[in-house]
Amino acid sequence: MPQRYDAVIIGGGHNGLVSAAYLARGGLKTLVLERRHVLGGAAVTEEVFPGFRFSVASYVVSLLRPEIIRDLQLPRHGLRILPLDGTFTPLDDDYLWRTDDHAQTMREIRRWSAQDAEAYSEYGLLMVEMARFIKPILGITPVDPRRPDPRDAMPLGSLLRDFSKLPRRQQTAFVQLMTMSAADFLDQWFETAPLKATMSASGIIGTYQGVRSPGTAYVLLHHYMGEIDGAFRAWVIPRGGTGGVSEAIASSARSFGAEIRTEAPVDHITIRDGRATGVVLESGEEISAAAVLASTDAKVTFLDLIESGTLEPDFEASIRQFRFRGSSGKVNLALDGLPDFTIMPGPGEHLRGAISFSPSLDYMEQAYDDAKGGRFSQRPYVDMVIPTLVDPRMAPPGKHIVSCFVQYAPYKLAEGTWDDQREAFGDAVVDTLAERAPNIRSLILHRQVLTPLDIERTMGLTEGNIFQGELSLEQLFVNRPAPGWARFRTPINDLWLCGSSAHPGGGIMGAPGRIAALELLRQKGGEAA
Amino acid sequence: MTTTATWDAIVLGGGHNALVCATYLARSGLSTLVVEQRPSVGGALATAEIVPGARIPVYAHTVGRLRGSIARELGLAADGLRLVQPAARVTSLRTDGPAITLWGDTTRTASELAIVSRADGAAWPAFDAEVRTLSGVLSRLMTITPPDPSGAAPGDVLSALRLGMHLRGLDEAHGRALLRVLPQSVADFLEDRFETDALRAMLAVRGIRYSSMGPHSAGTTQVLLADSAGNDGGAAGETVYARGGPGALASALASAARRAGAEIRTGSQVVAVRSAGGRATGIALASGEELTAAVVVSGLDPRQTLLDLVDPEVLGPRLGWQAGNLRQSGVTAKVSLALSELPRFSGLTGDDAAVRLRGRLLVAPSVRYLDVAHDAAKYGRMSDQPWLEATIPSLTDPLLVDGAAASGVRHVMSVLVQSAPRQLRDDSWDTARDTLLARTMAVLESVAPGIGALVVARQMHTPADMERDLGMTGGHPLHGEPSLDQWFAWRPMLGYARYRMPLEGLYLCGSGAHPGGGVTGVPGRNAAREVIADRKRS
């Protein structure tokens with residue numbers, strides 16, 4: 001006799017868990033099914049090497065929606081936020097070090113360019129204004145451009161009204177952010193190479209685009225929408241790694257009565273007369289549910305978990321056209337001590353924040369040119385963090401872990417396979433680090449290299465795309481994941497999308513999971529009423 | 001200082017848009033003066049003698065984007081304009097295979113493509129229809145004055161309504177398609193529709209021509225579709241010659257303007273737009289002459305108009321900063337060749353070779369080739385192997401070389417060369433021009449072995465030359481990048497897309513205004529409409 005649930009959620013990533021928590025809180029009998037033995041999807045902490053625990057994939061948090069932290073009472077469920085102070089950009093003969101101490105940062109930038117220092121504060125204010133303005137988007141369901149439902153059109157309408165009220169220069173900046181390349185946008189403001197390059201980096205995270213590709217300014221803004229304790233653009237590390245976030249959400253979900261099963265891989269979604277009626281596990285076990293929510297990405301959900309021929313050809317075609325193109329890799333290092341930077345020797349505050357290998361826009365763009373040619377970047381952009389400096393329990397005493405986010409590592413290689421290029425890629429990253437911190441080679445005890453292929457295999461993210469689909473202009477808002485299907489519902493009744501393939505996209509934000517759950521509850525309410 | 005008669009309207013520059021605008025203004029009864037710095041009007045529409053008896057397009061080499069409605073309204077045929085449209089629209093010359101030709105005839109194209117790829121041949125007719133539908137929407141958007149999203153201005157509501165109507169004209173599938181493809185990169189757009197790389201490349205060219213964007217740049221699909229908007233281009237793209245060369249269109253436009261009553265002064269360079277109390281009052285010429293007018297309409301590019309002609313005090317620092325950031329750096333050079341005979345092209349050996357050669361000729365073998373050519377420009381370098389779009393107008397218009405027998409010239413060949421960035425990082429165009437010419441000839445040799453030996457005379461126009469000769473900032477033929485950040489309701493800048501510039505009584509009627517560059521004449525007509533509307537109001 002198969003069990004019966006109100007809602008079954010495929011995938012125990014942060015979005016799946018957020019959906020589960022909200023649905024359970026809304027009184028639904030909810031089950032989460034996770035393929036792996038650990039929860040969190042890409043927001044996961046694992047002891048990769050004895051005594052060394054890593055945020056294996058996703059490694060910092062900024063975008064997690066404050067309303068989710070509130071609604072799900074995540075602090076009560078163990079979420080602890082540790083600050084990550086500043087960004088250190090080492091160069092051959094100099095460095096750029098920005099910290100949360102505004103005055104110090106001003107002095108530092110003035111050392112490079114008085115004009116840039118002046119522009120910097122103005123720019124920061126503008127971006128915060130822009131983030132404030134666009135933020136409502138993260139909380140709304142995209143209106144269906146073909147048959148607008150006034151209920152959805154309203155928030156959009158008020159957004160447009162707000163736009164016409166903005167000062168002209170902010171309106172212009174907004175249009176530019178939605179259309180320009182990160183480099184072109186920043187070129188208007190700054191002249192200091194490492195400043196522009198380091199700032200431009202948030203424009204390319206997770207995309208198969210370069211800093212000079214139109215559309216990357218939006219991704220820049222996307223990364224400004226983060227709000228921790230009301231402070232925009234604050235990057236933090238959860239205690240215990242990003243898995244700590246997932247565990248807190250899971251605990252919250254359980255407290256609302258949600259059931260969570262790991263090592264329960266779903267084989268397919270059962271569909272009868274155009275309605276999703278449940279799932280069948282790889283074990284053969286059948287689970288029936290009134291609603292199925294997939295936090296898996298659009299390709300996995302519609303092309304792998306649904307029997308082919310079920311979907312309308314047009315819809316299936318547009319899902320096949322939805323682009324993933326993973327472009328980033330991850331290198332996790334277990335170190336015997338701290339790296340020593342030639343330009344700023346010894347341990348110090350500069351190691352406690354992000355360490356960005358981004359000397360110039362040309363450097364960033366050349367890294368992309370390699371990727372366009374189907375090669376990993378010979379000199380990649382690396383965002384390096386040493387979590388043990390703020391969270392020592394992640395490694396044995398005196399030892400350290402280092403997390404390196406790396407671009408570019410294109411999923412599709414022109415020659416060879418990732419299985420035979422994995423270590424060469426790891427070497428290119430270590431070489432890049434060693435150019436600035438030569439002692440790092442001798443400190444390495446263990447090295448874990450994640451290529452896009454590994455991310456796909458381990459996390460089930462198509463082509464290793466960390467956002468479950470590129471954040472390119474044509475794949476945002478009403479087009480995410482397919483034109484006309486940006487409303488978390490799918491052509492299959494009672495099948496919902498609640499992952500980053502849905503609006504508003506990726507990052508440890510939880511927004512898709514939250515809105516999808518609220519939409520479902522709203523619909524149920526409507527039916528009940 | 002001498003002050004002369006007051007004009008209702010002074011139009012700055014004698015390019016095609018300025019002439020179109022002046023004609024409509026004069027027709028509405030405004031006393032109109034066109035001021036052109038060069039000895040002749042037409043701007044980038046120019047035909048010049050390369051050797052005695054042989055004439056060749058100097059810059060633009062086709063005129064097929066000119067709006068039929070404008071040509072009719074202006075009666076250009078009466079002024080002797082004859083347009084020639086060859087059956088072959090475009091042919092991709094390849095070293096590694098037979099040439100691919102796209103014809104005006106869709107079925108012929110489909111059956112030829114089927115030889116290269118059955119799937120692509122089968123997909124062609126539907127693709128042509130899709131392009132015509134989507135371009136049709138853009139075509140209608142081009143003729144309207146964009147709404148101003150930055151604040152409700154009179155007329156916005158109306159244009160917004162029209163906008164909605166245009167979109168509702170689409171069926172659901174196309175409506176969705178439009179939403180997705182407009183911001184898409186032309187490489188992705190074509191990858192979703194065709195499997196043959198060479199075919200993708202020959203189509204992608206129209207998404208990046210004259211632009212510093214590459215085939216993977218977001219928004220280049222919109223550029224491709226706009227190229228077919230308001231003309232019979234379809235998926236293959238327009239290929240239309242003006243008999244006698246592009247200069248013939250310029251003279252037709254000039255006589256239309258004169259017929260309408262506009263006066264045209266060549267050889268007079270404007271150095272300033274005068275203003276009083278925040279209103280344009282006239283212009284100053286290099287000669288020292290001051291001309292007063294009720295309105296000044298600039299056919300020059302927006303940067304030049306705002307930064308060089310308007311008093312910075314009047315413009316203000318913020319707009320100055322904004323205008324200074326308009327992206328307008330040209331990447332296209334032009335090579336003109338006089339040939340002793342028709343070159344032989346490898347991969348084009350059939351007896352219908354001469355027919356295929358009448359269309360545009362591309363050396364753009366793959367999307368990757370276009371991309372690599374584009375990459376160089378990002379670092380301020382010219383491409384080692386530029387991509388080329390060439391025409392041999394003497395094939396369709398033998399009169400061009402009528403008197404050149406003595407010079408031993410039987411054909412003229414016009415070649416657009418990309419990428420050749422205006423700003424070279426470690427070189428200047430004075431010294432780099434020969435390098436680019438050599439690289440261009442090398443690329444031509446690869447598809448036409450022995451062509452070098454046929455060259456009787458050659459000319460090269462770099463972006464630097466175009467900037468100097470045509471007075472286009474950055475030598476950018478489109479008066480600004482056709483990218484999404486300088487598009488529609490924010491071309492050239494948000495709040496100034498309705499042809500009215502920050503200075504009251506100053507208008508923009510050139511390619512820097514919506515709907516942008518290309519020989520369409522639409523910015524000129526739209527701007528004239530707004531000028532006339534304002535005159536009626538006041």
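Biologist: What share of the 538 residues in chain B is made up of buried residues?

Modeller: Buried residues make up 58% of chain B. Keep in mind that this is a predicted model. A residue is called buried when 20 or more other C-beta atoms lie within 10 Å of its own. In chain A, with its 529 residues, the buried share is 56%.

Biologist: How many helices and strands does chain B have?

Modeller: Chain B has 19 helices and 18 strands. Along the principal axes, the C-alpha trace of chain B extends over about 65 × 60 × 50 Å.

Biologist: What does the secondary structure of chain A come to?

Modeller: For chain A the count is 17 helices and 20 strands. The globule rule gives 24 Å for its 529 residues and the radius of gyration is 23 Å, which is close, so chain A too is as compact as a globular protein of its length. The C-alpha trace of chain A spans about 70 × 55 × 50 Å along its principal axes.

Biologist: Among contacts in chain B between residues at least 6 apart in sequence, what percentage join residues at least 24 apart?

Modeller: A contact here means C-beta atoms within 7 Å. In chain B the figure is 74%. In chain A, residues 24 or more positions apart account for 73% of the contacts with a separation of 6 or more.

Biologist: Which residues touch the most other members of the largest nonpolar core?

Modeller: That core has 324 residues, and the ones touching the most other members are Val292(A), Ala9(B), Ile10(B), Cys21(B) and Val297(B). Take Ile10(B) as a case. Leaving aside residues up to four places away in sequence, Ile10(B) touches Leu33(B), Val35(B), Gly282(B), Ile283(B), Leu291(B), Ala293(B) and Val296(B).

Biologist: How many residues of chain A are in contact with chain B?

Modeller: The size of an interface is often given as the accessible area lost when the parts come together. Here the description is a residue count: 32 residues of chain A contact 33 residues of chain B. On the chain A side, the elements giving two or more residues are α5 (150-165), α6 (168-179), α12 (313-321) and α13 (361-372). Of these, α6(A) gives the most, with seven residues.

Biologist: Which classes of residue make up that side of chain A?

Modeller: The side of chain A that touches chain B has eight nonpolar, twelve polar and twelve charged residues.

Methods: Residues numbered from 1 in each chain as written. Chains lettered and ligands numbered in written order. Predicted model: local features only at pLDDT ≥ 70, side-chain atom pairs only at ≥ 80, totals over all residues. Contact = placed C-beta atoms within 7 Å. Helix = DSSP H or I, 4+ residues; strand = E, 2+ residues; numbered from the N terminus. Nonpolar A, V, L, I, M, F, W, Y, C, P; charged D, E, K, R; others polar. Buried ≥ 20, exposed ≤ 12 C-beta atoms within 10 Å, placed from the backbone. Rg over C-alpha atoms; globule rule 2.2 N^0.38 Å. Core = buried A, V, L, I, M, F, W, Y, C linked by C-beta atoms within 7 Å.
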